[in-house]
Amino acid sequence: MSDNAQVQELERFAREQQFNSQYRQYFGDVWDEAGVKDISKMTISDAEQTLKVLASSQASPQFVKSLLAQAAVDGAPPQVLEYFLNSDIDGDGRTLAIEIFHDGTNPLESDSPQTTPKAQALSLSPTKDTEDLDWEI
């Protein structure tokens with residue numbers, strides 16, 4: 001999925017939301033902690049700081065998705081939205097866009113590192129078992 005398509009998907013989601021004042025207050029706390037004064041003038045540096053705030057929070061995937069949608073509604077620059085969507089906060093190799101729009105997994109918690117070693121261990125076992133069976137026959 002191209003960067004532009006990801007931003008369009010975020011903007012489409014944003015248009016479907018009804019952000020009331022309570023939502024804006026919750027989101028405002030994140031923006032305040034990140035030092036963002038004007039969403040429409042956000043920089044990549046502001047986005048990096050916001051990601052750090054999110055990474056240290058207990059935010060749900062829906063909150064992260066809605067926060068970014070609210071940023072889109074409030075005029076965050078496209079390159080900043082692309083930066084957010086292409087980020088990998090938890091370091092699991094999947095972008096924030098993939099996790100919030102497709103996987104439904106938490107972009108703040110790594111989901112994949114545990115599977116690779118198990119898969120490798122399982123792939124080695126059948127070979128050994130097969131060799132053992134050959135000796136028994």
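**Reading a helical chain**

The chain of this predicted model has a secondary structure of seven helices and zero strands.

Me: In what order do the elements of the chain run from the N terminus on?

Reply: They run α-α-α-α-α-α-α. As for burial, 36% of the 137 residues in the chain are buried. Of the contacts between residues at least 6 apart in sequence, 60% join residues at least 24 apart.

Me: How is a pair of packed helices described?

Reply: Two packed helices are described by the angle between their axes and the distance between the axes. Here, take helix α4 (residues 61-73) and helix α5 (residues 78-86): their axes come within 10 Å and cross at roughly 170°. An angle over 145 degrees counts as roughly antiparallel, and α4 and α5 are therefore roughly antiparallel to each other.

Me: Which residues of α4 and α5 make the contact?

Reply: On the α4 side they are L68, A71 and A72, and on the α5 side L81, F84 and L85. By class, this contact has six nonpolar residues, with no polar and no charged ones.

Me: Which residues of α5 are buried, and where do they lie around the helix axis?

Reply: V80, L81, F84 and L85 are the buried residues in α5. Viewed down the axis of α5, they fall within an arc of 135°, so they line one face of the helix.

Me: Which helices do the buried residues of α6 pack against?

Reply: They pack against α1, α3, α4 and α5. In helix α6 (residues 96-103), the buried residues are L96, A97, E99, I100 and F101. Just after α6, G104 takes a positive phi of about 75°.

Me: Is V7 buried or exposed?

Reply: The cut-off for buried is under 20% relative accessible area. V7 has a relative accessible area of 5%, so V7 is buried. Its place is in helix α1 (residues 3-16). Not counting residues up to four places away in sequence, V7 touches P78, L81, E82 and L85. E82 is 75 residues from V7 along the chain, yet their C-alpha atoms are separated by 6.3 Å.

Me: Loops next. Where is P107 found, and what does P107 touch?

Reply: P107 is found in the loop between α6 and α7 (115-136). At 1% relative accessibility, P107 counts as buried. Leaving aside residues up to four places away in sequence, P107 touches P61, V64, I89, D90, L96, E99 and I100. One of these, L96, is eleven residues from P107 along the chain, and the two C-alpha atoms are separated by 5.6 Å.

Me: Is Q58 buried or exposed?

Reply: Exposed means over 50% relative accessible area. Q58 has a relative accessible area of 79%, so Q58 is exposed. Q58 has its place in the loop between α3 and α4.

Notes: Residues numbered from 1 in each chain as written. Predicted model: local features only at pLDDT ≥ 70, side-chain atom pairs only at ≥ 80, totals over all residues. Heavy atoms only, no water. Axes fitted to C-alpha atoms, helices over the stretch in contact; angles between N-to-C directions. Helix = DSSP H or I, 4+ residues; strand = E, 2+ residues; numbered from the N terminus. Parallel < 35°, antiparallel > 145°, perpendicular 65-115°, else oblique. Contact = heavy atoms within 4.5 Å. Nonpolar A, V, L, I, M, F, W, Y, C, P; charged D, E, K, R; others polar. Buried < 20%, exposed > 50% of the residue type's maximum accessible area, 1.4 Å probe, protein only. Arc of directions from axis to C-beta.
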